[in-house]
Amino acid sequence: MSDVPYILGHSPAEVRRLMLQAAILKPITERLLREAGLTPGLRVLDLGCGCGDVAMLAAELVGPNGAVVGIDRSAEVLAVARERAQAAGHANIEFRESAAEDFVDQAPFDLAIGRYVLIHQGNPAAFIRSAASHVRRGGIIAFHEIGIYGECQALPPVPLWQQTWSWARAGLRSVMVHPDAGGRMIAHFHEAGLSSRRCSAKSRSTAVQIPQSTPGWHSQCAACCHKSRRLVPPRQRRSISTPWRTACATR
Ligand SMILES: C[S@@+](CC[C@H](N)C(=O)[O-])C[C@H]1O[C@@H](n2cnc3c(N)ncnc32)[C@H](O)[C@@H]1O
């Protein structure tokens, strides 16, 4: 099962949602990259780069003497990524169309990163193995993932968010092959043959605290509702459409 289609697609609305999500996730991904050992001058591979947010973050961190290659299976989303990177003045990023499993490059990378990609893979361990095949000996493999299970608490509590999450979780779990990949990272790394003293995982599984003033917060709620609505069977859609409208109205 290496070629599971990407179920969220790359419509303009989904691309906007990815960018909103990226703004919220940026500090967590940045901390992961720094703790993993990303320093100026390194060469980085971003697997499943989408519209380029992780690649652009990595490009800032490696600086002008480093380089970043972002790959994705979708030519459509890569066009968005290229345009954004160019507008942001990143001369050290290149985007290429390829599945991670088929990607070849003339030289190994210092670090491979993937964000929110393992959940979409038929075989997460095989995907991690392919990430490892792209880095040099002693290189770094890092993933920032989500586990779509359990509760997703908001502090302070935001009832709309709780409700949105339960719908999004039901919708996503009904179509994803590995919605729990974020909670099983150690197991997947182990299965990929990469567990060792130098393998570590951090989890913030009980609560993610995001100020309500975060730009895009309500839009992200609305986008999640809209997305779950499209994923669930038609008969259940009606119950999701009302809160989606409410979310938009309470912006
Ligand atoms: C949820 S998006 C995340 C995008 C980006 N990493 C971010 O965090 O904003 C996942 C992306 O991975 C891509 N993708 C999924 N499986 C892939 C694979 N096997 N090889 C390359 N790209 C893949 C999809 O096309 C999609 O653009």
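In what order do the elements of the protein chain run from the N terminus on? The model is a predicted one, and in it the order reads α-β-α-β-α-β-β-α-β-α-α-α-α. Counted by kind, the secondary structure of the protein chain comes to eight helices and five strands.

**The chain as a whole**

The protein chain has 251 residues, of which 36% count as buried.

**Helices α1 and α2**

The axes of α1 and α2 come within 10 Å of each other and cross at roughly 40°; an angle of that size makes α1 oblique to α2. The handedness of this crossing of α1 and α2 is right-handed. On the α1 side the contact is formed by Met19, Ala22, Lys26, Thr29, Glu30 and Leu33, which meet Asp53, Val54, Leu57, Ala58 and Leu61 on the α2 side. Sorted by class, the residues in this contact of α1 with α2 are seven nonpolar, one polar and three charged.

Helix α2 is mostly covered, with eight of its ten residues buried. The buried residues are Asp53, Val54, Ala55, Met56, Leu57, Ala58, Ala59 and Val62, and what covers them includes α1, the strands β1 (43-47), β2, β3 (93-97) and β4 (109-115), and the helix α3 (75-87). Just after α2, glycine 63 takes a positive phi of about 70°.

**The shell around the ligand**

Which of the 20 residues around the ligand come nearest? They are Gly48, Gly50, Ala100, Arg115 and Tyr116. The elements that give two or more residues to this shell are α1 (12-36), α2 (53-62) and β2 (67-72). By class, the shell around the ligand is made up of eleven nonpolar, four polar and five charged residues.

Proline 124 belongs to helix α4, which spans residues 124-133, while isoleucine 141 belongs to strand β5, which spans residues 135-144. Is proline 124 buried or exposed? Proline 124 counts as buried because 27 C-beta neighbours lie inside 10 Å, where the cut-off for a buried residue is 20 or more. For isoleucine 141 the number of C-beta neighbours inside 10 Å is 23, and therefore isoleucine 141 also counts as buried.

Leaving aside residues up to four places away in sequence, proline 124 touches Leu118, His178, Ala181 and His188.

| Residue pair | Separation along the chain | C-alpha separation |
|---|---|---|
| proline 124 and alanine 187 | 63 residues | 9.9 Å |

Notes
Residues numbered from 1 in each chain as written. Predicted model: local features only at pLDDT ≥ 70, side-chain atom pairs only at ≥ 80, totals over all residues. Near = placed C-beta within 6 Å. Helix = DSSP H or I, 4+ residues; strand = E, 2+ residues; numbered from the N terminus. Nonpolar A, V, L, I, M, F, W, Y, C, P; charged D, E, K, R; others polar. Buried ≥ 20, exposed ≤ 12 C-beta atoms within 10 Å, placed from the backbone. Contact = placed C-beta atoms within 7 Å. Axes fitted to C-alpha atoms, helices over the stretch in contact; angles between N-to-C directions. Parallel < 35°, antiparallel > 145°, perpendicular 65-115°, else oblique. Left-handed = near helix turned anticlockwise from the far one by under 90°.
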